[in-house]
There are 2 protein chains.
Amino acid sequence: MRAIHSIAELRCWRTQARVPLGFVPTMGALHAGHGRLIDEARATCASVAVSIFVNPIQFNASEDYARYPRPLESDLEFCAARGVDMVFAPPLEEMYPQPQNVFVEVGPVADAMEGRFRPGHFRGVATVVLKLFQIVQPDRAYFGEKDAQQLAVIRRMVQDLSVPVEIVRVPTVREPDGLALSSRNRHLSGGERTIAPLLYLALSAAQRSIAAGSRDVEAIKRAALTVFAGDPRVRLEYLEIAGDTDMQPVQSVDGPVRVLAAAWVGGTRLIDNLCATPP
Amino acid sequence: MRAIHSIAELRCWRTQARVPLGFVPTMGALHAGHGRLIDEARATCASVAVSIFVNPIQFNASEDYARYPRPLESDLEFCAARGVDMVFAPPLEEMYPQPQNVFVEVGPVADAMEGRFRPGHFRGVATVVLKLFQIVQPDRAYFGEKDAQQLAVIRRMVQDLSVPVEIVRVPTVREPDGLALSSRNRHLSGGERTIAPLLYLALSAAQRSIAAGSRDVEAIKRAALTVFAGDPRVRLEYLEIAGDTDMQPVQSVDGPVRVLAAAWVGGTRLIDNLCATPP
């Protein structure tokens with residue numbers, strides 16, 4: 001496996017890489033969820049590239065950016081063990097050599113939920129993903145369903161900007177108790193880790209309510225929120241039911257939807273989502 | 001020469017095109033200024049592609065969009081005669097099959113001059129040029145100096161978004177009396193055509209003033225504006241002196257600058273610019 005830290009060297013590598021080239025953009029701190037993205041790419045592409053870059057322009061709080069884990073050595077081992085052909089791990093100044101003035105503005109798909117609670121987040125995500133697509137020039141790129149709104153944002157960006165990259169959706173990987181894998185889980189204390197699966201359990205309650213025939217969003221939300229009732233250590237930020245493609249919250253469930261939530265467990269912010277289909 | 005009207009067919013062509021591929025994006029109504037762009041591409045690239053697309057999202061007034069000339073047949077002949085390998089002339093729905101939600105926001109380089117008098121213009125230009133770059137995937141793209149602020153916008157976009165396209169600047173082509181070639185010149189009546197060179201003459205006066213040692217922008221502007229003094233048929237929109245890369249207006253000339261102006265002659269809006277260097 002080759003590790004590359006400059007755009008110029010990457011462009012040379014790209015001209016020799018076998019096609020189709022699969023690409024997994026990450027912020028590092030790799031876990032089995034990323035492993036599943038890499039496995040999917042490996043299974044369907046002749047070459048596989050992974051990027052590891054903690055992107056400052058998608059963070060709202062500088063503390064969150066500063067404390068985001070960066071275990072580069074073990075990440076490189078993780079990739080090598082899974083048959084990745086190339087890891088692109090640029091320093092900050094390689095990606096942002098001058099003040100970033102040009103941004104991708106995403107529009108309505110980025111307005112609700114994460115977009116509402118993390119203003120500018122998706123602008124930063126869309127901008128860095130577009131940059132990485134320009135640099136790596138993959139044929140396919142793999143994104144986890146755990147970040148469902150991010151997936152919808154990237155899909156819309158690729159459509160509207162005619163980017164020649166196929167976006168592949170990969171299911172969320174979970175712990176046995178249902179907690180979705182996330183690089184931020186390592187910030188959870190022992191006690192916080194015990195209650196963190198409540199987020200998944202609340203989404204599951206909403207999913208069951210929809211499967212049982214509930215259509216009224218307020219009633220479905222109430223069913224989900226009872227899961228948190230006893231525990232003040234979980235601070236829900238939002239729980240919404242939205243269209244899977246447009247990420248617009250709905251008032252009534254009339255077809256397949258996605259149930260999405262964000263919650264703080266202690267000082268760690270967790271997000272998760274499930275699809276739900278009425279009977 | 002091949003004429004292509006769909007993105008899918010273009011992507012097939014691209015895989016067979018010889019590299020380096022030179023690209024000249026246009027809105028059609030081709031004239032000798034475009035011819036010079038094509039000649040430059042022809043001289044330095046193995047294959048040359050031209051796009052012809054009147055881009056609605058960069059127009060402010062729907063009348064201007066509606067009356068923009070669209071002589072497709074003669075444009076195709078123009079390209080064939082100049083050795084163009086491929087013309088991409090998509091219908092509107094090929095470029096914008098759904099409401100465009102995602103845009104490239106350009107930042108300060110787009111704020112003054114054209115950006116001030118045509119709000120949203122450069123957002124539309126940057127977005128369609130990025131789309132065309134994604135579709136055509138050229139190695140180099142050729143832009144005329146006549147649209148100096150557009151050139152600066154595209155350069156900044158390519159830098160900030162890491163787009164793998166080299167931007168080549170090509171000098172303005174002028175009529176013998178100095179009028180810069182433009183597709184909009186054909187809207188000028190005979191009398192308007194006679195006075196249209198006043199724009200170039202005013203810019204030349206500013207250029208001479210700077211070459212003679214003037215540093216104060218207000219004094220330089222006064223020197224330029226005397227050219228229009230006698231003629232109320234020319235309505236100046238702006239005349240500014242700005243940095244050539246950042247397109248920020250300056251108050252004092254301390255090095256090479258660009259003098260830029262826009263003026264209405266009858267119902268036709270003309271722009272032009274000249275570089276100027278102090279002694």
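Two strands are said to pair if DSSP finds at least two bridges between them. Helices (H or I, at least four residues) and strands (E, at least two) are themselves DSSP runs, numbered from the N terminus. This report applies these terms to a predicted model, in which local features need pLDDT of at least 70, side-chain atom pairs count only at pLDDT 80 or more, and totals for chains, interfaces and linings use all residues. Residues are numbered from 1 along each chain as its sequence is written, while chains are lettered from A and ligands numbered from 1 in the order in which they are written.

**Chain A as a whole**

Chain A has 11 helices and 10 strands. The C-alpha trace of chain A spans about 55 × 40 × 40 Å along its principal axes. For 279 residues, a compact globule would have a radius of gyration near 19 Å, and the 19 Å of chain A agrees with this; the radius is taken over C-alpha atoms, and the globule rule is 2.2 Å times the number of residues to the power 0.38.

A residue is buried if 20 or more other C-beta atoms lie within 10 Å of its own, exposed if 12 or fewer, and partly exposed in between, with C-beta atoms placed from the backbone. Buried residues make up 44% of the 279 residues in chain A. Two residues are in contact if their C-beta atoms, placed from the backbone, lie within 7 Å. Among the contacts in chain A with a separation of 6 or more, 70% are between residues 24 or more positions apart.

**Strands β2 and β3**

In chain A, β2(A) and β3(A) run parallel and are joined by six bridges. Within this pairing, Phe23(A) has Ala49(A) of β3(A) as its bridge partner. Strand β3 (residues 47-52) of chain A is mostly covered, since six of its six residues are buried. Ser47(A), Ala49(A) and Ser51(A) point one way from β3(A), Val48(A), Val50(A) and Ile52(A) point the other way, and all are buried.

In chain B, strand β2 contains Thr26(B). Thr26(B) is buried, with 23 other C-beta atoms within 10 Å. Not counting residues up to four places away in sequence, Thr26(B) touches His34(B), Val50(B), Ser51(B) and Ile52(B).

**The nonpolar core**

In soluble globular proteins, nonpolar side chains tend to be buried together. A nonpolar core is a set of buried Ala, Val, Leu, Ile, Met, Phe, Trp, Tyr and Cys residues joined through C-beta atoms within 7 Å. The largest such core has 172 residues, of which Val153(A), Met157(A), Ala202(A), Val153(B), Met157(B) and Ala202(B) touch the most other members. Leaving aside neighbours within four places in sequence, Ala202(B) is in contact with Ala224(B), Leu225(B), Val227(B), Phe228(B), Leu239(B) and Ala261(B).

**How the two chains meet**

The contact takes 23 residues from chain B and 23 residues from chain A. On the side of chain B that touches chain A, the elements giving two or more residues are α1 (7-16), β5 (103-105), α7 (121-136) and α8 (148-160) of chain B. With four residues, α7(B) gives the most to that side. The residues of that side divide into 13 nonpolar, five polar and five charged; here Ala, Val, Leu, Ile, Met, Phe, Trp, Tyr, Cys and Pro count as nonpolar, Asp, Glu, Lys and Arg as charged, and the others, Gly among them, as polar.

Strand β5 (residues 103-105) of chain A pairs with β5(B) in the antiparallel sense over three bridges. Phe103(A) has Glu105(B) as its bridge partner in β5(B).

A rotation of 180 degrees with 0.0 Å of shift along its axis superposes chain B on chain A (RMSD 0.0 Å). The two copies are thus related as by a two-fold rotation axis. The C-alpha of Val104(B) is the one in chain B nearest the axis, 2.4 Å from it. Copies are superposed by least squares on the C-alpha atoms of residues with pLDDT of at least 70 in both. Of the interface residues of chain B, 100% are also interface residues in chain A, so the copies meet through the same surface.

**Backbone angles of note**

| Residue or bond | Backbone angle | Loop |
|---|---|---|
| Val19(A) to Pro20(A), cis | omega about 0 degrees | Pro20(A): between α1 (7-16) and β2 (21-26) of chain A |
| Val19(B) to Pro20(B), cis | omega near -5 degrees | Pro20(B): between α1 and β2 (21-26) of chain B |

Met247(A) counts as buried, with 26 C-beta neighbours inside 10 Å. Met113(B) is also buried, with 23 other C-beta atoms within 10 Å.
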